[in-house]
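Here is a short briefing on one protein chain. Please look over the sequence and the structure before reading the points below.

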Amino acid sequence: MAASMSAGSSAGSDSQGSVSAGPGNESSTLQYSMILDHLVGDKRSVKDLNPAVMGGLPVPPKTDEQKMIERGMESCAFKSVLACVGGFVLGGAFGVFTAGIDTNVGFDPKDPLRTPTAREVLKDMGQRGMSYAKNFAIVGAMFSCTECIIESHRGISDWKNAVYSGCITGGAIGFRAGLKAGVLGCGGFAAFSAAIEYYLR
């Protein structure tokens, strides 16, 4: 009789323990889910990654003048002017270099036996350098402007922008000599632009 009573009491205590354990497990599950919400869920607070707090140097906010200068430097007009100036300088140097290694610089076609003077040689070198500088400046400005416009229209910066810009620039330059020259110029400039982009990227 005592054994049965003790067994009954132990069974009752086990049932009470299991019943009482139910709300505890549920509350622990709720607390765990709340912790997850605060750590990785919607209730997670986004911290401001301030460089000064993280140990880095503080970055002061940009002024309106700085923002205006940045917008101006990123504009197509500024890029075109910069490419034009760079093309002018590069073309002039290339023209002077080619004139310096050319043995026919300064010679008069009407009198090829006459030795040219230093002034005539320098004059011919200057004319050739100026011619190359103008051509390089026009090509650089056209290429940079069209590439910037195409990139702004597409919203993507990839190798296709340079290929399209090269085709437009080469076609516009070659079209002055005819349709066939325009097509060849388009294909040639596009292939050259694609090769340069492939090498740079």
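The model is predicted. The chain holds 6 helices and 0 strands. Along the sequence the pattern reads α-α-α-α-α-α.

**Overall fold**
- The chain has 201 residues, and 18% of them are buried.
- Take the contacts between residues at least 6 apart in sequence: 51% of them join residues at least 24 apart.

**Annotated spans**
- An unreviewed UniProt entry lists residues 76–101 and 181–200 under "transmembrane region".
- Residues 76–101 are 100% helix and 0% strand.

**Helix 5 against helix 6**
- Two packed helices are described by the angle between their axes and the distance between the axes.
- Helix 5 covers residues 159–174, and helix 6 covers residues 179–200.
- The two pack at an angle of about 150°, with axes 7 Å apart.
- Angles over 145 degrees count as roughly antiparallel, so helix 5 is roughly antiparallel to helix 6.
- The crossing of helix 5 and helix 6 is right-handed.
- On the helix 5 side, the contact residues include Trp-159, Ala-162, Val-163, Gly-166, Cys-167 and Thr-169. Gly-170, Gly-171 and Gly-174 also take part.
- On the helix 6 side, the contact residues include Ala-181, Gly-182, Gly-185, Cys-186 and Phe-189. Ala-190, Ser-193, Ala-194 and Glu-197 also take part.

**Salt bridge**
- Side chains of opposite charge can pair when their charged atoms come close.
- The count for this model is 1 salt bridge.
- Arg-154 pairs with Asp-158 in a salt bridge, and their closest N and O atoms are 2.8 Å apart.
- Arg-154 counts as partly exposed because its relative accessibility is 26%.
- Asp-158 has 18% relative accessibility, so Asp-158 counts as buried. The cut-off for buried is under 20%.

**Ala-191**
- Where is Ala-191 placed? Ala-191 sits in helix 6.
- Ala-191 counts as partly exposed because its relative accessibility is 48%. Exposed would need over 50%.
- Ala-191 and Val-163 are 28 residues apart in sequence. In space, their C-alpha atoms are 7.1 Å apart.

Definitions and conventions: Residues numbered from 1 in each chain as written. Predicted model: local features only at pLDDT ≥ 70, side-chain atom pairs only at ≥ 80, totals over all residues. Heavy atoms only, no water. UniProt positions renumbered as here; feature names shortened; annotations may be inferred. Helix = DSSP H or I, 4+ residues; strand = E, 2+ residues; numbered from the N terminus. Salt bridge = Lys/Arg side-chain N within 4 Å of Asp/Glu carboxyl O. Buried < 20%, exposed > 50% of the residue type's maximum accessible area, 1.4 Å probe, protein only. Axes fitted to C-alpha atoms, helices over the stretch in contact; angles between N-to-C directions. Parallel < 35°, antiparallel > 145°, perpendicular 65-115°, else oblique. Left-handed = near helix turned anticlockwise from the far one by under 90°. Contact = heavy atoms within 4.5 Å.
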